[in-house]
Amino acid sequence: MRTRVGLALGWLGCFGVYLVSVPGTFYFEDGPELLACAAGLGNTHPPGYPLLTLVGRLVLVLPVGSPAFRFNLLIAACAAGAVVAWGALVARVATIAIESARALSPPTEVATVRASAGAAVTAGVAAGVFACGTWALSDAFWWEAVIGDKYAGWYLAFAVLTWVSVAAMRAEFPDLPRSVAWLGFATGLAFAHHQYAIFALPAVGFAVARAGLMRTLGARLALTRAAVLAAVLAALPLSTKVLYPPLRSAGGAGLDWGRPGHAGPLRGYLSGTLYRSGFASTSLPRNPWLAFGRWRLAARFLGEEVPWPLLLAAPAGALLLARRMPMVAAAGACCLVANAGWAVNFSEKVVRWYEPAYAILLAAAGVGWVWALVSLKGRVGRVALAGLVTGAVGWQAVRGASRNDLSRFYAAHDATRVVLRALPPGAVYLGAGDFDLFPLWAARSTEGVRPDLEVAGLAGFVDPGFTASGAEARLLAAAGIRTRGLEGLAALVARSVASPPSAPPIFVAASGNDRRLQEMMPFLKGAEIHGLVGRVVRAWAPAAGAAATRRAARGMTLRNLRDHRAVAIADLGRLRDEVARGALFQYPACLATLGQQCLRFGFEADAAWAFALSRAQMEALVGPLAPPPPAAWLPPVAARARRDSQAVALGYERLADALADRGVTFLADQVRGNAAAVLQ
């Protein structure tokens with residue numbers, strides 16, 4: 001009973017921390033898409049998250065806050081559950097290991113036995129709190145707990161699956177069949193949520209191997225029945241992965257990635273082949289010369305997530321576990337190597353993929369620190385344990401609090417409402433990607449804003465792997481266009497440009513998509529795409545576009561960037577590249593694009609205004625910018641516009657240098673391209 005109360009209090013404490021940090025609305029990245037699919041029971045991007053979608057749909061009926069806030073609560077609850085599950089596992093393992101190591105042979109008094117057992121339990125709890133507290137308040141974990149994305153559920157799946165696996169490894173023979181059944185159910189739940197549950201498979205394998213070895217002790221039939229029951233229990237949650245996507249696709253889901261209504265598309269959808277080429281192109285087998293830099297970057301990630309002093313006792317903890325609980329130690333080591341090896345192989349940027357490895361290292365460190373302090377007797381020992389736990393967890397909390405508080409973050413919501421209000425009736429919006437498209441989906445699905453619009457991804461026309469997604473197919477069918485892919489997009493755009501009154505107007509985000517469309521479609525070379533939301537037209541009035549953008553900018557993200565400058569800079573410093581590329585780069589680029597177009601047509605005052613606002617947003621990210629003075633012969637307004645545009649380019653160069661220093665060369669090159677484009 002005391003244990004359950006402690007776990008409940010631990011969950012409430014973690015959930016409370018995340019609750020005061022979550023935004024009241026949706027964030028960028030994949031969270032808005034998951035929210036939109038939960039609201040409309042759609043199919044998310046491959047490989048699909050139907051279990052999260054169904055649970056999210058249930059959560060949306062709660063009478064608390066906005067729909068986005070309710071979905072954020074679900075993700076925060078999953079993160080808190082992962083923390084509690086991991087802490088309970090570490091506490092149990094540490095208690096057994098320390099009690100075994102301290103055992104006297106034989107103890108002479110019952111009181112001595114009880115005192116030793118009580119001290120081991122206290123030490124185990126301290127190790128569990130150390131491990132789960134420092135993990136819960138690390139930057140990447142805390143971040144994923146509050147932005148409404150899917151990874152908190154993955155952390156929960158990993159923690160629970162590892163916990164059940166260790167329980168099965170430690171189970172006595174009479175309890176082994178039940179442990180095997182629970183192991184099957186936990187495995188099914190984990191894989192129903194995310195394929196990354198594969199990182200916990202070494203622990204599952206050790207548990208199954210141990211069960212097989214115990215067959216020789218008798219009751220073979222009981223284990224066979226347990227294995228069958230485990231398979232059935234695993235199939236129950238996994239069935240959502242196989243049944244939900246085709247059923248919803250056939251039912252006309254509004255958001256329908258890949259349209260997996262048939263066996264062929266479903267296989268590609270569930271396997272995630274859509275992204276395989278992208279991951280493979282940056283993998284170490286194709287780029288072995290990146291290995292050293294990747295491992296160095298992985299060490300840098302670790303130092304940023306967990307201060308090195310907290311990990312100094314990890315070797316001692318690993319040694320103690322290897323001596324007292326060799327199977328558990330071997331399973332943890334294999335899980336750590338599997339996770340770290342996969343993350344290093346496929347990424348030079350994503351911290352969150354290392355989280356299971358961080359959790360295992362912190363578990364070993366917690367056991368090691370506590371084992372080093374258990375020799376201290378009486379009050380001294382208790383004070384030392386309390387100081388260790390409080391100091392470690394407090395250190396992490398202080399480091400993360402200023403970086404992960406998004407309670408005042410409304411940038412995604414503000415930008416989305418501005419975009420939707422700026423579009424005329426019946427318009428078509430071709431989104432640039434996760435950071436303008438997904439928030440639009442979320443706002444339209446949960447707030448009922450602008451149902452007359454059609455919002456689709458440009459990539460759905462350009463990349464053959466995306467061409468079967470729902471919005472693109474609906475657009476082409478409504479226009480009576482039979483061709484697909486880029487040819488279909490060209491026909492759609494040509495019709496809109498040639499027949500403005502009869503064809504729906506087409507808009508894009510003017511942050512690079514304008515140049516991309518013109519490169520893909522030569523007939524658009526004379527067209528202009530303007531403003532924060534740019535319409536593809538033949539004849540363009542720059543002054544009108546500037547005035548519309550000036551009005552729209554009042555609701556944009558400058559306020560949020562200034563309020564959250566620490567968050568923005570931390571994002572760049574910790575390589576949250578998705579946020580940096582989207583939320584932080586998009587709007588200065590839009591305004592700089594508008595300024596360039598105004599200059600091209602001789603509207604110097606509007607260009608000066610656009611570049612000034614673009615510079616203000618850039619300085620909110622990187623600090624003051626002081627470009628060299630422009631040529632003296634320029635008129636004052638043109639000189640001011642030129643100086644501000646140079647400041648924006650200088651800001652991009654500063655960001656590129658920071659990213660290159662971190663080893664993220666591909667993103668640094670992209671940002672330098674932005675700098676060059678601003679000065680064209």
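Arg450 is found in the loop between helix H19 and strand E2, which spans 454-457. In this predicted model, Arg450 has a positive phi of about 50 degrees although it is not a glycine. For context, most residues other than glycine have a negative phi. Is Arg450 buried or exposed? Its relative accessibility is 18%, and because the limit for a buried residue is under 20%, Arg450 counts as buried.

Helix H19 covers residues 437-447, and its buried residues include Leu437, Phe438, Pro439, Leu440, Trp441, Ala442 and Ala443. Directly after H19 comes Gly448, with a positive phi near 65 degrees.

Which residues of H2 are buried? They are Gly31, Pro32, Glu33, Leu34, Leu35, Ala36, Cys37 and Ala38. The residue that follows H2 is Leu41, and its phi is positive, near 50 degrees. Leu41 is a residue other than glycine, and it lies in the loop between H2 and H3. At 26% relative accessibility, Leu41 counts as partly exposed, whereas Arg450 counts as buried.

Pro47 is found in the loop between H2 and helix H3, the latter being 50-59. A cis peptide bond joins Pro46 and Pro47, with omega about 5 degrees. In general, most peptide bonds are trans.

I turn now to the packing of helices. The axes of helix H14, residues 314-324, and helix H16, residues 355-373, come within 6 Å. How are H14 and H16 oriented to each other? Their axes cross at roughly 85 degrees, and since angles of 65 to 115 degrees count as roughly perpendicular, H14 and H16 are described as roughly perpendicular to each other. On the H14 side, the contact is made by Ala314, Ala316, Gly317, Ala318, Leu320 and Leu321. On the H16 side, Leu361, Ala364, Ala365, Val367, Gly368 and Trp371 take part. By class, this contact of H14 with H16 has 10 nonpolar residues, 2 polar residues and no charged ones.

Two individual helix residues deserve mention. Ser179 lies in helix H8, residues 176-193, and at 13% relative accessibility it counts as buried. What does Ser179 touch, leaving aside residues up to four places away in sequence? The partners of Ser179 are Val164, Ala167, Ala168 and Ala171.

The other residue is Asn404, in helix H17, which covers residues 378-404. Asn404 has 0% relative accessibility and counts as buried. In sequence, Asn404 and Glu144 are 260 residues apart, yet their C-alpha atoms are 9.4 Å apart in space.

That pair leads to the chain as a whole. Among contacts between residues at least 6 apart in sequence, 76% join residues at least 24 apart. The protein chain has 680 residues, of which 55% count as buried. Its secondary structure comes to 31 helices and 4 strands.

Next, the aromatic residues. How many aromatic pairs does a search of the whole structure find? The search finds 23.

Finally, the cysteines. A search of the whole structure finds 0 disulfides. Cys132 is in no disulfide, and the nearest cysteine sulfur, that of Cys14, is 6.1 Å away. Cys132 is buried, with a relative accessible area of 13%. Cys334 is likewise in no disulfide; for this residue the nearest cysteine sulfur belongs to Cys335 and is 7.1 Å away. Is Cys334 buried or partly exposed? With a relative accessible area of 35%, Cys334 is partly exposed.

Note on methods:
Residues are numbered from 1 along each chain as its sequence is written. This is a predicted model: local features need pLDDT of at least 70, side-chain atom pairs count only at pLDDT 80 or more; totals for chains, interfaces and linings use all residues. Side-chain values use heavy atoms; hydrogens and water are left out. A disulfide is a pair of cysteine sulfur atoms within 2.5 Å. Buried means under 20% relative accessible area, exposed over 50%, partly exposed in between (1.4 Å probe, protein chains only). Axes are lines fitted to C-alpha atoms, for helices over the stretch in contact, and angles run from 0 to 180 degrees between N-to-C directions. Angles under 35 degrees count as roughly parallel, over 145 as roughly antiparallel, 65 to 115 as roughly perpendicular and the rest as oblique. Contact means heavy atoms within 4.5 Å. Ala, Val, Leu, Ile, Met, Phe, Trp, Tyr, Cys and Pro count as nonpolar, Asp, Glu, Lys and Arg as charged, and the others, Gly among them, as polar. Rings of Phe, Tyr and Trp (its six-membered ring) pair if their centres lie within 6.5 Å; planes under 30 degrees apart count as stacked, over 60 as edge-to-face and the rest as tilted.
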